[in-house]
Amino acid sequence: MRKILFALVILFCISNPVYAIDNNNMPDKATLAANRMRFDSKTGDFLADGNVEIVAGDLKIIAPKGSGNVNKKLINFDEGINASGKWQGNKLNLQSGKLNLNLSDIPACKFLNGVKGAYGSMKLDADRLTITGAGGIAKPTKADAQTKFWLVNARNLQDTSRGITFTAGSIEGIVRNGDLYSMTAKNGIYLRGKPKNNGVPVTLKGDNALYSLQRGSVVVSGHVIANQGGRTLKSDSIVYFPDQNRVEALGKVTHKKDGTISTSRAEITIDLTKENINKDNIQKLKTKNNKNRKK
């Protein structure tokens, strides 16, 4: 079949001054190519079939077929999605079963029916991924220099720059300059940290997690269990520092005193880079806990 080229001329109007953008951030058109094309000039609806390819700025998407509306700047792909290039300045290489692409003032990519690949410093495998942010396809605005993302049923989210791998029911985060800047994970957290000095990896399980590149830490809370080299630590909350391969735990400890139950707080720091347990530190910890019991 003869290949048909169709230019989608997209006018990007700014309706909200909070998301004011530079003209260079948005391409003035997106080009759609397919073996077969149907287009309604009155409604703006189109159907594309056979080797469908769309290029918008540095973003390129290939799929067997697609549909959408030129006036609304919406494009839908139903199967066999391959997306590559850049989205808001971050490298992207993703495959999914379905994609909803919005090229309006606040552009968004919604990958559905399973998504795998890489975005920025992240490698991921999940049921759904949404990427959005104030600004254009080329890069975020200076006022809001970040890209937001959401994951559902994340089977694997790896921050390659820190060597941390997450599993969670839902994840919401921010990417800045290609790096995972911050992240909140919920509903069954499993974290695996791989130290840079080839030490023994640490694993943590819990209910929720909060990651911060600026602080250099991951806070895991809710029934947390940490394991490393045959050692186990349980706490209500554990802070993991990936660069030092170290954890700090702060939780509740219950003691029996005069036939009653009292609760005090205990703080424990474990350096996971050390294989041998320091007996002097254990004795100091026992002494500290004994003093708490007498209070």
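User: Where does Lys98 sit?
Analyst: Lys98 lies in strand β8. Strands here are DSSP runs of E, at least two residues, and helices are runs of H or I, at least four residues, both numbered from the N terminus.

User: Before we go on, what kind of model is this?
Analyst: This is a predicted model: local features need pLDDT of at least 70, side-chain atom pairs count only at pLDDT 80 or more, and totals for chains, interfaces and linings use all residues. Residues are numbered from 1 along each chain as its sequence is written, and side-chain values use heavy atoms, with hydrogens and water left out.

User: Back to Lys98. Is it buried, exposed or partly exposed?
Analyst: Lys98 is partly exposed, at 27% relative accessible area. Buried is under 20%, exposed is over 50%, and partly exposed is in between (1.4 Å probe, protein chains only).

User: What does Lys98 touch?
Analyst: Leaving aside neighbours within four places in sequence, Lys98 is in contact with Phe77, Asp78, Ile81, Lys110, Phe111, Leu112 and Asn113. Contact means heavy atoms within 4.5 Å.

User: And how far apart are the C-alpha atoms of Lys98 and Gly66?
Analyst: They are separated by 9.9 Å. Along the chain, Lys98 and Gly66 are 32 residues apart.

User: Zoom out. How many helices and strands?
Analyst: The protein has 1 helix and 18 strands.

User: How much is buried?
Analyst: Of the 295 residues, 42% are buried.

User: New topic: strand pairing. How do β10 and β11 run?
Analyst: Strand β10 (residues 122–132) and strand β11 (residues 147–159) run antiparallel, joined by 10 bridges. Two strands pair if DSSP finds at least two bridges between them. In this pairing, Ala126 stands opposite Ala154 in β11.

User: What about β11 and β12?
Analyst: β11 pairs with strand β12 (residues 164–176) in the antiparallel sense, over 10 bridges. Here Val152 stands opposite Ser170 in β12. The hairpin has 4 residues between the strands, and Gly163 there takes a positive phi near 70°.

User: Which residues have a positive phi without being a glycine?
Analyst: Gln88 is one, with phi of about 55°. His223 is another, also with phi of about 55°.

User: Where are they, and are they buried or exposed?
Analyst: Gln88 is in the loop between β7 (81–87) and β8 (90–102). Gln88 is buried at 2% relative accessibility. His223 is found in strand β15 (residues 217–228). His223 is exposed, with 68% relative accessible area.

User: How many aromatic pairs turn up?
Analyst: A search of the whole structure finds 1. Phe166 and Tyr211 form that pair, edge-to-face, at 6.3 Å centre to centre with 70° between the planes. Phe166 lies in strand β12 and Tyr211 in strand β14 (residues 202–212), so the pair ties together parts 45 residues apart in sequence. Rings of Phe, Tyr and Trp (its six-membered ring) pair if their centres lie within 6.5 Å; planes under 30 degrees apart count as stacked, over 60 as edge-to-face and the rest as tilted.

User: Which charges sit over rings?
Analyst: Arg176 has its charged end over the ring of Tyr181, 4.2 Å from the centre. Arg246 lies over the face of Phe241, at 4.3 Å from the ring centre. The test is NZ of Lys or CZ of Arg within 6 Å of the ring centre and within 35 degrees of the ring normal.
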